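Please look over the protein shown here before reading on.

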Amino acid sequence: MIRYYNTETRAKEELEPIEPKKIGMYTCGPTVYDYAHIGNLRAYCFEDLLRRHLKYCGYEVTQVMNITDIDDKIIRAANKAGIPIDEFTAPYIEAFHRDLSSLNIEPAEFYPRATGHIPEMVDLIKLIIDAGAGYRGDDGSIYFSIAAFPKYGRLSHIKLEGQKAGARIKHDEYDKESVADFALWKAWDEQDGDVYWETALGKGRPGWHIECSAMSMKYLGESFDIHTGGVDNIFPHHENEIAQAETATGRTFVRLWMHNEHLLVDNRKMAKSLGNFYTLKDLPNKGFSPLALRYLYISTHYRSKLNFTLEALQAADKTITGLYDFLKRLEEVKDNPDISYDPEFDNMIEKAKQGFLSELDDDLNMSGALAYLFDLETETNKRLEAGNLNRRHAEKVRDLFLDLDRILGLKLADALKSQSLEDEIEKLIAEREQARKNKDFARSDEIRDRLKEMGIILEDTSQGTRWKKR
Ligand code: AMP
Ligand code: ZN
């Protein structure tokens, strides 16, 4: 039984999808006015872990991650650079996909862009107006009247008392202190330059919140299973998404809301002005693989704040290297008839697997899950050192780690790939030495060329042949 924490009810709930064994999941994606910072990447790693966990448990996942390619910040920056917004956003969208791939984040099924869905947003706003919750302000923009949606505040648990009747806010981002009617459609003004759409609602552009209501329902239906984002999205963004969607459809918009806590840097908010602002590009300069960052993120519970330090990243890097080395050692275990097969060890392997999975079923408790794997690693190493690890058991442990890596996403199989490549190189070199001893120079040259094609350079020394990668 899978239980996840629902932000709306503030409790762990049993996962009950609308359709058996299928999950529709919407994820608030990037606003592409800059490169993603490592805080954003924490959100995407959490969502990937969730997606992989569901898939491992046999669910067919349809994930939609939007790309906000129009908003106040984008317009301001593109106008300043004097280029059209799609030209301005293109490199950031490309970089975003590159970042996901370096972190081994599985691609979502859909990446809808806001600018490609204006008609859907206009239709949704019309439904909201028809339902009596949308009205035009004196600036020509269309606002959502939160008084028309009595359940407003259900997700973020805000109190509406003290709110000034009819107070309006045009900015997309604001805090709980300024809860107010919010913009569905922003009428064009000079600051927008030539960024606008001529629609049945007039000349203008959509508000940020309507984007996600319109695009999620287009791809996942009026009611779907899971909606995710970072905690900063809870209010006002997700609260407003609920109000818009449920006013238009009269149905429950989302069944389960899941939010990741923030990443802090040196215990402070990450900010360019504080000099503690990192993107993924900065990390290789510091000598780390992006997978170390992935490990750091998934091994910390998604609902806990995470304080990023280079020391923590270093420790994560060491752990992954340790796992790779462990798998390589397992691969080297020889078949030896003198080592008896201990059936008790089968039980330990099975217990580790079940323990790992049951911890994840409990709201993705990864540190609990990893403890089972590391205990198994310790036990296996003990047997290795004592020289009584049976080859079949070494294979079973290896296969378990590779199987669970479908959730971890640490590319553990790569450890073996490079190992088998090294084995192949050593074998070819030995064969070449033999050919040379036999004075079969044609064969020896053939092998040298073959290795050259593989990017391997040979160096013949008095102690034998050494090799290096080109
Ligand atoms: P944005 O591009 O700002 O719309 O953010 C994209 C995603 O990153 C959203 O789900 C945010 O909630 C999330 N996010 C933003 N800042 C952080 C942070 N410091 N830690 C974790 N997640 C964050
Ligand atoms: Zn969103």
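How many helices and strands does the protein have? This is a predicted model, and in it the protein has 14 helices and 16 strands.

**The protein as a whole**

- Taken along the principal axes, the C-alpha atoms of the protein fill a box of roughly 95 × 55 × 40 Å.
- The protein has 470 residues, and 50% of them count as buried.
- The accessible surface of the protein comes to about 22,100 Å², and 48% of that surface belongs to carbon and sulfur atoms.

**The zinc site**

- Which residues coordinate the zinc ion (ligand 2)? They are Cys28 through its SG atom, Cys212 through its SG atom and His237 through its NE2 atom, at 2.1 to 2.2 Å.
- Along the chain, the donors of this zinc ion (ligand 2) follow the spacing C-x183-C-x24-H.
- Cys28 lies in the loop between β3 (22–27) and α1 (38–56), while Cys212 lies in helix α5 (residues 208–220), so the pair ties together parts of the chain that are 184 residues apart in sequence.
- Are these two cysteines buried or exposed? Cys28 has a relative accessible area of 9% and is buried, and Cys212, with a relative accessible area of 0%, is buried as well.

- The structure holds zero disulfides.
- Cys45 is in no disulfide, and the cysteine sulfur nearest to it, that of Cys28, is 17 Å away.
- Cys45 is buried, with a relative accessible area of 0%.

**Aromatic pairs**

- A pair of aromatic rings is described by two values, namely the distance of the centres and the angle of the planes.
- The count of aromatic pairs in this model comes to 13.
- One of them is formed by Tyr35 and Tyr92, whose rings are edge-to-face, with 5.0 Å from centre to centre and 80° between the planes.
- This pair links distant parts of the chain, since Tyr35 is in the loop between β3 and α1 and Tyr92 is in helix α3 (residues 85–102), 57 residues apart.
- Tyr35 is partly exposed, with a relative accessible area of 32%, whereas Tyr92, at 16% relative accessibility, counts as buried because buried means under 20%.
- Another aromatic pair consists of Phe110 and Tyr219, which are tilted, with 4.8 Å from centre to centre and 40° between the planes.
- Here, too, distant parts of the chain are linked: Phe110 is in the loop between α3 and α4 (118–130), Tyr219 is in helix α5, and the two are 109 residues apart.
- Phe110 counts as partly exposed at 34% relative accessibility, and Tyr219 is partly exposed with a relative accessible area of 26%.
- Ring pairs also link Tyr35, Phe88 and Tyr92 into a cluster.

**Charges over rings**

- Which ring does the charged end of Arg168 sit over? Arg168 has its charged end over the ring of Tyr143, 5.3 Å from the centre of that ring.
- The charged end of Lys203 sits over the ring of Trp188, and the distance to the centre of that ring is 4.3 Å.

**Two single residues**

- Ala43 is found in helix α1, where Ala43 is buried, with a relative accessible area of 9%.
- Ala43 and Gln354 are 311 residues apart in sequence, and in space their separation is 27 Å, C-alpha to C-alpha.
- Where is Glu431 placed? Glu431 is in helix α13 (residues 413–437), and at 33% relative accessibility Glu431 counts as partly exposed.
- Leaving aside its neighbours within four places in sequence, Glu431 is in contact with Arg443 and Ile447.
- Glu431 and Leu313 are 118 residues apart along the chain, and their C-alpha atoms are separated by 42 Å.

Definitions and conventions
Residues are numbered from 1 along each chain as its sequence is written. Chains are lettered from A and ligands numbered from 1 in the order in which they are written. This is a predicted model: local features need pLDDT of at least 70, side-chain atom pairs count only at pLDDT 80 or more; totals for chains, interfaces and linings use all residues. Side-chain values use heavy atoms; hydrogens and water are left out. Donors are N, O and S atoms within 2.8 Å of the metal (3.2 Å for Na, K and Ca); water is not among the atoms, so sites may look incomplete. Helices (H or I, at least four residues) and strands (E, at least two) are DSSP runs, numbered from the N terminus. Buried means under 20% relative accessible area, exposed over 50%, partly exposed in between (1.4 Å probe, protein chains only). Rings of Phe, Tyr and Trp (its six-membered ring) pair if their centres lie within 6.5 Å; planes under 30 degrees apart count as stacked, over 60 as edge-to-face and the rest as tilted. A charge sits over a ring if NZ of Lys or CZ of Arg is within 6 Å of the ring centre and within 35 degrees of the ring normal. Accessible areas come from the Shrake-Rupley method with a 1.4 Å probe; for residues, only the protein chains shown count as cover. Contact means heavy atoms within 4.5 Å. A disulfide is a pair of cysteine sulfur atoms within 2.5 Å.
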